[in-house]
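Subject: Two-chain model, handed over with notes

Hello,

Here is the structure for you to look over. My notes follow below it.

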Amino acid sequence: MTTEIQTRKARVLGVEGLIKRFGEHTVVDGVSFHIEAGETYGLLGPNGAGKTTIISMVAGLIPADQGSIELAGFAMTPTTTKAKAHIGLVPQELAIYPCLSARENLLFFGRLQGLSGQDLKKRTGEVLDLLGLGDRAREQTKKFSGGMKRRLNIGIGLLHRPTLLILDEPTVGVDPQSRNSILESVEGLATEGMAVLYTTHYMEEAERLCDRIAIIDEGRIQAEGTRNQLVELTGGVDRIELRGSGNTTATATALRQLPGVQHVDGGGSGLTLTVLNGPGLLAPIVAEAGRMGMTLTSVEIVRPDLESVFLHLTGKALRD
Amino acid sequence: MRGLWAMIGNDLRQRIRDKSVLIFSLVVPLALMGVLNLSFGGFDSGSVELKPAIVVASSEDSGQLGTALLDAVDSLPIMDVTVRKVPAADVGRETRDTRADLGIILPADFTAGVVSGRAVSVQVVEGDSAGVETNVLISVVDGLLEQFVAGTVTAGAGEMAGLPHEVLGGLAQQAAAGNPALTLTEGQSSAEQLSLKGTLVAGQAGLFLLFTVGFGVLGLLAEREEGTLARLQSTPVAPGTIITAKALVGFILGVVATTILLTAGSLLFGVSFGSPAVVGLLVLAVAAAATSLTFIVARLVHSAEQANIAQSILGMVLGIAGGAFFPIEASGFLATLMDLNPVAAFIRGLGITAGGGGLPDVAIPLAIMLGFAAVATLASRLVPDRGARP
């Protein structure tokens with residue numbers, strides 16, 4: 001009994017049976033999940049899977065057609081203010097004012113979040129330092145590089161120390177250096193006890209950041225769990241990446257006939273195979289590809305990862 | 001409320017910083033006022049400054065009327081005229097060579113002819129540099145001739161009535177030289193007419209107000225395109241705060257810009273609009289009406305670009321129909337419709353205040369503008385939302 005109460009207290013976000021339709025098209029179909037304090041929860045799926053729509057409902061931007069969202073004990077709807085006081089949203093698009101300085105952007109959104117006076121000024125300074133923008137705080141953000149804007153975009157979201165920080169694909173279009181900086185910042189948030197809802201279609205980001213991951217496709221959660229729990233779903237299958245030229249369509253058809261080959265996906269310059277016991281099957285696969293006239297330039301065995309899980313669950317590759 | 005003020009302050013800071021309001025709400029209308037006043041301001045009632053004119057005239061008439069006519073031309077109160085007398089044969093050449101404004105050739109029997117009622121021909125020669133002054137002089141000569149003919153007609157009527165000849169002569173002289181019994185005075189109907197300069201200043205202020213308020217509510221579309229609208233909507237501000245803040249920003253910008261335009265216009269072009277307090281009320285009312293219009297536009301369009309186009313079209317239509325560039329006249333239903341135009345009501349209200357009218361006198365224009373604001377706001381709730389509003 002005691003344990004159950006402690007678990008419920010730690011729950012920050014609870015989503016139950018969420019459904020959203022746009023016209024005839026159901027873009028979110030019965031999604032349920034929860035996030036606990038200090039946990040980073042990932043929504044992993046391709047573009048169009050419904051991640052941003054889920055985020056929009058969780059952040060109170062659009063209403064759900066069915067289902068419920070409870071945030072820090074308050075029901076979340078577009079008109080609620082109590083629940084919204086607990087979230088920090090980092091939209092996928094840069095949501096900063098180019099004519100204002102970094103400091104002015106932070107001060108403005110801080111006021112909307114209820115901060116004021118010395119608390120606001122102090123927290124603004126802290127976030128500017130955290131983002132590495134302290135020395136350019138008074139410059140208009142239109143003069144910032146893309147990476148600096150991305151960092152400020154995140155900083156605004158965590159300025160008021162939200163209970164739940166929602167990050168919607170924060171690394172899209174970011175250079176590798178800035179991307180790494182963003183990921184390090186997010187890793188640090190969990191240690192401060194902040195719950196994070198993170199959407200991405202980059203498998204590596206989900207693996208690196210998230211305590212639990214929901215694999216989402218066509219508006220539904222296909223599977224949910226820790227990285228290891230999800231990988232176990234594949235039954236220990238490996239992925240073999242073939243790169244080269246030739247008749248990949250015919251080669252794919254031939255490879256599907258081989259025993260132990262579960263899926264063959266791709267075309268053009270390469271094929272991705274899901275197989276049982278990759279090392280053992282490598283030789284016959286290469287031989288069959290050669291027989292079908294495919295000239296291989298590289299062959300790689302990839303041990304099970306989230307990409308394999310997605311392939312296993314949906315029958316298609318997780319790509320941009 | 002704190003969120004509301006934060007949003008208003010943030011928007012105003014951005015609008016001032018990106019200079020868009022300064023350019024489109026103040027610089028452009030002031031420049032346009034200047035150009036329009038340079039082009040048309042000279043035709044303002046009572047403000048045409050006629051240049052000194054030279055008239056070359058023949059003076060071979062031995063009677064009084066010829067002398068009277070030339071004396072009348074020479075002593076015109078509205079312009080400085082110099083009459084130079086030359087022989088009739090030289091009038092054309094002298095007029096041309098001396099670049100005179102007008103030549104007048106009076107026949108030798110001018111007085112005799114007029115008195116006897118015979119047909120008399122007076123010839124005028126326009127100078128090569130004929131302008132407004134020449135037209136004025138011709139009108140004056142024409143008017144004087146009409147007066148002389150009136151004397152002849154009077155004498156004829158007296159003769160038919162059997163009056164003695166000595167009396168007839170006196171009557172004819174009196175009719176020819178006297179002031180007309182009926183005079184036409186051009187005035188201002190109910191003091192509602194602004195001077196042309198005043199109309200241009202008021203009209204441009206009203207027209208550009210329709211553009212200025214667009215920086216408020218229509219800014220929502222820019223926020224959506226820039227991604228900041230989603231972030232605003234995720235903050236714990238009361239429902240309706242965002243749209244209210246945008247509307248107030250448009251209203252404030254409209255009031256400030258219109259006040260500056262009217263003040264600057266008054267100072268630059270010498271126009272007075274009357275009581276500042278009543279003018280202030282008119283400005284508040286027209287800004288409310290213009291702001292309400294942006295609610296409808298915001299619901300009808302998909303993007304900031306569409307909003308700008310729609311607002312420009314509405315602004316030009318309402319501005320021109322309201323008399324921002326020149327007075328528009330209509331009758332029947334169309335006239336009623338045009339009376340409901342807030343720009344027209346604003347200009348009319350300023351006409352009343354310029355003529356000395358007070359608050360009770362501008363009640364109807366005020367009611368029209370506030371009524372327009374109420375109806376447009378209500379209508380915006382009924383128009384299907386195509387996605388711009390939060």
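**Around β7 of chain A**

In this predicted model, strand β7(A) and strand β8 (residues 195–200) of chain A run parallel and are joined by five bridges. Strands here are DSSP runs of E of at least two residues, helices are runs of H or I of at least four, and both are numbered from the N terminus. Two strands count as paired if DSSP finds at least two bridges between them. The bridge partner of A:I166 in β8(A) is A:L197. From β7(A) the chain passes through helix α6 (residues 176–191) of chain A to reach β8(A), in a right-handed β-α-β crossover. Right-handed means that, with the strands pointing away from the viewer, the path from the first strand over the helix to the second runs clockwise.

β7(A) also pairs with β6(A), again in the parallel sense, over four bridges. There A:L89 stands opposite A:I166.

β7(A) covers residues 164–168, and five of its five residues are buried, so the rest of the structure largely encloses the strand. Buried means 20 or more other C-beta atoms within 10 Å of the residue's own; 12 or fewer is exposed, anything in between is partly exposed, and C-beta atoms are placed from the backbone. In a regular strand the side chains alternate between the two faces of the sheet. A:L164, A:I166 and A:D168 point one way from β7(A), A:L165 and A:L167 the other way, and all are buried.

A:I166 has contacts beyond its bridge partners. Leaving out residues up to four places away in sequence, A:I166 touches A:I55, A:V58, A:A59, A:I87, A:G88, A:L89, A:V90 and A:L197. A contact needs C-beta atoms, placed from the backbone, within 7 Å.

**Conventions**

Residues are numbered from 1 along each chain as its sequence is written, while chains are lettered from A and ligands numbered from 1 in the order in which they are written. As this is a predicted model, local features need pLDDT of at least 70 and side-chain atom pairs count only at pLDDT 80 or more, whereas totals for chains, interfaces and linings use all residues.

**The two chains**

Chain A has 11 helices and 14 strands. Of its 320 residues, 44% are buried. Chain B has 16 helices and four strands. Of its 390 residues, 42% are buried.

Take the contacts with a separation of 6 or more. In chain A, 68% of them join residues 24 or more positions apart. In chain B, the share is 80%.

**Interface and cores**

The contact between the chains takes 22 residues from chain A and 18 residues from chain B. On the chain A side, β6 (87–90) and α3 (102–112) are the elements that give two or more residues. α3(A) gives the most, with four residues.

The largest nonpolar core has 142 residues. Such a core is a set of buried Ala, Val, Leu, Ile, Met, Phe, Trp, Tyr and Cys residues joined through C-beta atoms within 7 Å. Among the residues with the most contacts inside it are A:V58, A:L164, A:I166, B:L282 and B:M369. Helix α12 (residues 276–300) of chain B supplies the largest share of this core, 14 residues. Apart from it lies another core of 23 residues, among them B:V55, B:A57, B:V91 and B:L106.

**Chain B**

Strand β1 (residues 53–57) of chain B has five of its five residues buried. B:A53, B:V55 and B:A57 point one way from β1(B), B:I54 and B:V56 the other. β1(B) pairs in the parallel sense with strand β2 (residues 81–85) of chain B over five bridges, and B:A53 stands opposite B:V81. With helix α3 (residues 64–74) of chain B, these two strands make a right-handed β-α-β unit. β1(B) also pairs in the parallel sense with strand β3 (residues 102–105) of chain B, over three bridges. B:V55 stands opposite B:L102 there.

B:V217 sits in the loop between α8 (196–212) and α9 (219–226) of chain B. B:V217 is buried, with 31 other C-beta atoms within 10 Å. B:V217 and B:F295 are 78 residues apart in sequence, but 6.7 Å apart in space, C-alpha to C-alpha.

Best wishes

Methods
Two residues are in contact if their C-beta atoms, placed from the backbone, lie within 7 Å.
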